[in-house]
Amino acid sequence: MHLVLVGLMGSGKSAVGRACAARRGWAFVDTDELVEAAAGASVARLFATRGEAAFRRLEGEAVAEACSSEVPAVIALGGGAVLSAENRRRAKGAGFVVWLTADADTLGERVGTGEGRPLLAGGNPGETLRRLAREREAAYREVADAVVDTTGRSVEEVAEAVLREFDRAVEARAGR
Ligand code: S3P
């Protein structure tokens, strides 16, 4: 069973994912990094040159690749990957899905000017995140097995909370 992290940009998926992977000695996979390796370009450059639809196609392939990892892995999905029903199905099939949340101000502080994140370019990142939160809430809720709030907590504190949820689920699924 893999540990899959979902949530908006700035929710801490990559930092918390790395911390969880380090604690357990598992692999860490970030779908944005898989996309960048496959395309030979940054996410921002991909959006600019080939458009969001092309990015989403590559993202779907990256989600499929990550979820079929044969070694235990922590998988951080790009914030918008959950918009695809196929990606949600793969994530659920891969293991335990944790939705990392944070209040809008916290997300805004973490993403700063939104550099490197094309959906936040040319606007007010805080407002865009508020809109994306509304638009995506149902998708996150549908895919998540557990929700962990990251507001006001350190990466290590969140990682601990996430792994506690994961361990509880492993025990429950083993019927203990
Ligand atoms: C996106 C989130 C980004 C990246 C791309 C689109 C989104 O990933 O996949 O910029 O649609 O929310 P992070 O959530 O890791 O920043």
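Q: Which helix gives the largest share of the shell around the ligand?
A: That is helix H3, residues 43-67, with 4 residues in the shell. Bear in mind that this is a predicted model.

Q: And which residues come nearest to the ligand?
A: Lys13, Asp32, Arg56, Arg117 and Arg136, out of 14 residues around the ligand.

Q: How does the shell divide into nonpolar, polar and charged?
A: There are 5 nonpolar, 3 polar and 6 charged residues in the shell.

Q: What does the side chain of Lys13 do there, in distance terms?
A: One of its N or O atoms is 2.8 Å from an oxygen atom of the ligand.

Q: What about the backbone of Gly79 and Gly80?
A: A polar backbone atom of Gly79 is 2.9 Å from a ligand oxygen. For Gly80, a backbone N or O atom lies 3.3 Å from an oxygen of the ligand.

Q: How much of the ligand does the protein bury?
A: The protein buries 95% of the 390 Å² that the ligand exposes when taken alone.

Q: Which pocket is that space?
A: The ligand takes up the space of the largest pocket, which holds about 500 Å³. Of its 28 lining residues, Met9, Asp32, Gly78, Gly79 and Arg117 are closest to the centre.

Q: Which helix gives the most to that lining?
A: H3 again, with 5 residues.

Q: New topic: how much space is in the second largest pocket?
A: About 180 Å³. Its lining includes Leu8, Trp99 and Tyr140, and divides into 7 nonpolar, 2 polar and 1 charged.

Notes: Residues are numbered from 1 along each chain as its sequence is written. This is a predicted model: local features need pLDDT of at least 70, side-chain atom pairs count only at pLDDT 80 or more; totals for chains, interfaces and linings use all residues. Side-chain values use heavy atoms; hydrogens and water are left out. A residue is near a molecule or strand if one of its heavy atoms lies within 4 Å of it. A polar contact is a pair of N or O atoms within 3.5 Å; within protein, one must be able to donate a hydrogen and the other to accept it, and residues adjacent in sequence count only if both atoms are side-chain atoms. Accessible areas come from the Shrake-Rupley method with a 1.4 Å probe; for residues, only the protein chains shown count as cover. On a 1 Å grid over the protein atoms alone, a cavity is a set of points where a 1.4 Å probe fits but cannot get out, and a pocket is an open set with protein on both sides within 12 Å along at least five of seven lines; lining residues have an atom within 4 Å of a point. A molecule sits in a cavity or pocket if more than half of its atoms lie within 2 Å of its grid points. Helices (H or I, at least four residues) and strands (E, at least two) are DSSP runs, numbered from the N terminus. Ala, Val, Leu, Ile, Met, Phe, Trp, Tyr, Cys and Pro count as nonpolar, Asp, Glu, Lys and Arg as charged, and the others, Gly among them, as polar. Grid points are joined across faces, edges and corners, and a volume is the space filled by probe spheres set on the points.
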